[in-house]
Amino acid sequence: MSKLIVSLSPHAHGSDSVEHNMYGVIIALIPALIVSFVYFGIGSVIVCLSSVAACVFFEWAITKYILKKQPSICDGSAILTGLLLGFNLPSNLPVWIILIGALVAIGIGKMSFGGLGCNPWNPALVGRCFLLVSFPAQMTSWPLVGQGLSYLDAETGATPLSIMKEAIKSGDASVLERLPDSLHLLLGNPTATGAGTIGEVCALALIIGLIYMLCRKIITWHIPISILATVFIFSGIMHLASPIYANPIDELLSGGLMLGAIFMATDYVTSPMTPKGQILYGILIGALTVVIRNWGSYPEGMSFAILIMNSFTPLINTYIKPKRYGEVVKEEKK
């Protein structure tokens, strides 16, 4: 017989709930979702709807028929996982590949560990990285923006991050002249350069989502700001050392950095609990992202950096703990 264990006072009651926070994050993603529909057209609609529907279905089916539990798909976590997975995919990805990614994200990344609250890694990133390794050609084919009804036959191009990688490999700083200006990267990229994944097309839309979540206290500033500040400082030093490295503003506004820092690294389950731990976690994610971007095999390093640091979250929680309520730290006698 299970016992009800009540901890010592003080007791606090808050209005937070899983549903409140999950749907709050979904609302924060709406500006970026609308922009992706405008820029990528029908491709964005198909990819996002397929990803969300598949994640919801797989969570329902696994919970009901394998775990033999009451399905809890109404809490919004499966919808959010599907939306974030869709945001990490190109807008011309075939539906059958999206289904595989959703099954891996939910089945392996989440439900195999016991469901919501038990997963050590961000499920959407588990699905995304699995697809990137398994289907590298399809996952690195970037449609140009503004193609409307084009989907599988969309014209593709190089992303800003691939241009940056080319400049580093060739040692030719003039390659960076092909980059869109910072304003285009902030508002969206209507040039001949491929924009990247669905969710990284417009940095401003993601920043609006960040402001919304901070105002609603869904997340705190510690993780996103520490990531962005680290990338800015690290890439700024490299740019000053050599012109073959892009300037720090372009680094911040390119690729999945904003999406990862704001919506992926801040996942409650896979990030540290304390403010100090979150800052350390964010600094290390930012540093790893810059290292992988500039010296790794892939142009983008955000997803891998987050998953690596997800693995260290239990260690950070173990060694960086909050002071217990009422605890008095005794000064050591000299």
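From the N terminus on, the elements of the protein chain run α-α-α-α-α-α-α-α-α-α-α-α-α-α. That comes to 14 helices and 0 strands; helices (H or I, at least four residues) and strands (E, at least two) are DSSP runs, numbered from the N terminus. This is a predicted model: local features need pLDDT of at least 70, side-chain atom pairs count only at pLDDT 80 or more, and totals for chains, interfaces and linings use all residues. Residues are numbered from 1 along each chain as its sequence is written, and side-chain values use heavy atoms, with hydrogens and water left out.

**Whole chain**
- Of the 334 residues of the protein chain, 51% are buried (under 20% relative accessible area, with exposed over 50% and partly exposed in between; 1.4 Å probe, protein chains only).
- Among contacts (heavy atoms within 4.5 Å) with a separation of 6 or more, 73% join residues 24 or more positions apart.
- The protein chain exposes about 16,400 Å², and carbon and sulfur atoms supply 68% of it (Shrake-Rupley method with a 1.4 Å probe; for residues, only the protein chains shown count as cover).

**Helix H3**
- The buried residues include Ser-77, Thr-81, Gly-82 and Phe-87.
- Buried residues of H3 pack against helices H1 (18-40), H2 (42-66), H4 (95-108), H5 (123-134) and H12 (257-264).

**Helices H9 and H12**
- H9 (residues 203-215) packs with H12 at an angle of about 15°, and their axes are 10 Å apart (axes are lines fitted to C-alpha atoms, for helices over the stretch in contact; angles run from 0 to 180 degrees between N-to-C directions).
- H9 and H12 are therefore roughly parallel to each other (under 35 degrees; over 145 is roughly antiparallel, 65 to 115 roughly perpendicular and the rest oblique).
- From H9, Ala-203, Leu-206, Ile-207, Gly-209, Leu-210 and Met-213 meet Met-258, Leu-259, Ile-262 and Phe-263 of H12.
- By class, this contact of H9 with H12 has 9 nonpolar, 1 polar and no charged residues (Ala, Val, Leu, Ile, Met, Phe, Trp, Tyr, Cys and Pro count as nonpolar, Asp, Glu, Lys and Arg as charged, and the others, Gly among them, as polar).

**Ala-167**
- Ala-167 lies in helix H7 (residues 160-170).
- Ala-167 is buried, with a relative accessible area of 0%.
- Leaving aside neighbours within four places in sequence, Ala-167 contacts Asp-172, Val-175, Leu-176 and Ile-244.
- Ala-167 and Ile-244 are 77 residues apart along the chain, yet their C-alpha atoms are separated by 5.7 Å.
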